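Student: I have a structure open and would like to talk through the terms used to describe it. Could we take them one at a time?

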Amino acid sequence: MRLVLASASPRRADLLTSAGFVFEVRRVAIDESVRPAEGAADYVRRLAAAKAETAADPSRTHEIVLGADTTVVIDGDILGKPRDDEHAAGMLRRLAGREHEVLTGVALRHDARTVSDVACTVVQFAQLSEEDLAWYVASGEPGDKAGAYGIQGLASRFIERIDGSYTNVVGLPVALVARLMRELVLPARR
């Protein structure tokens, strides 16, 4: 079996590589709009499945396609990637001194079968001064990250604790990927 990562995220690729997975990257573009009344868990699961389905090639029966999508949730609101620096600063102000959830939907597709699940990690953010916000936003790091921060980078200094998977907060819950791979592949071996 060949693993295909349906994502352009360098963080997801690094996590898979660090965990010993061999894979190829197949970038996909999908509509990532939230549907009316769609909850965060349903949203990330739907996007993960859509990415896996879009990247899947029915003629390549030896492939398992991995799709994933991560979002940050606070007060029931989904915080995706910021539009600009001002939007990033606003997101970080909401997170400062509070707990929030990071959700990642993971979908694995092989032939016409898809298995999926959602990982949830609770993150406690430290209080942030306006100087902290200005420094972090000016670093450029928030620009391409859900919730406008990267736990594995400069923002690590703002994270007081997490409850759940660290790799989920980075962008791919690796243990969940491994479990879903076993679910997807083992029935075929019986």
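Student: Happy to start with the sheet: which residue of strand 6 stands opposite T104?

Tutor: That is A119. Bear in mind as we go that this is a predicted model.

Student: How do you know that strand 5 and strand 6 count as a pair?

Tutor: Pairing asks for at least two bridges between the strands. Strand 5 and strand 6 (residues 113-125) have twelve bridges, in the antiparallel sense, so they count as paired.

Student: What makes strand 3 a partner of strand 5?

Tutor: Here the bridges number nine, against the required two. Strand 3 (residues 63-74) also runs in the antiparallel sense to strand 5, and V73 stands opposite E101 in strand 5.

Student: Why is strand 5 called mostly covered?

Tutor: A residue is buried when its relative accessible area is under 20%. Ten of the twelve residues in strand 5 (residues 99-110) are buried.

Student: Why is D111 called partly exposed?

Tutor: Its relative accessible area is 47%.

Student: What makes R157 exposed?

Tutor: The same cut-off of over 50% applies: R157 has 57% relative accessibility, so it counts as exposed. R157 lies in the loop between helix 4 and strand 7 (159-163).

Student: Now the helices: why is helix 3 called oblique to helix 4?

Tutor: Helix 3 (residues 85-95) and helix 4 (residues 130-138) pack at an angle of about 135 degrees, with their axes 10 Å apart. That angle makes helix 3 oblique to helix 4, because roughly perpendicular ends at 115 and roughly antiparallel needs over 145.

Student: Which residues of helix 3 and helix 4 meet?

Tutor: D85, A88, A89, L92 and R93 in helix 3 meet E130, L133, Y136 and V137 in helix 4. By class, that contact has six nonpolar, no polar and three charged residues.

Conventions:
Residues numbered from 1 in each chain as written. Predicted model: local features only at pLDDT ≥ 70, side-chain atom pairs only at ≥ 80, totals over all residues. Heavy atoms only, no water. Buried < 20%, exposed > 50% of the residue type's maximum accessible area, 1.4 Å probe, protein only. Helix = DSSP H or I, 4+ residues; strand = E, 2+ residues; numbered from the N terminus. Axes fitted to C-alpha atoms, helices over the stretch in contact; angles between N-to-C directions. Parallel < 35°, antiparallel > 145°, perpendicular 65-115°, else oblique. Contact = heavy atoms within 4.5 Å. Nonpolar A, V, L, I, M, F, W, Y, C, P; charged D, E, K, R; others polar.
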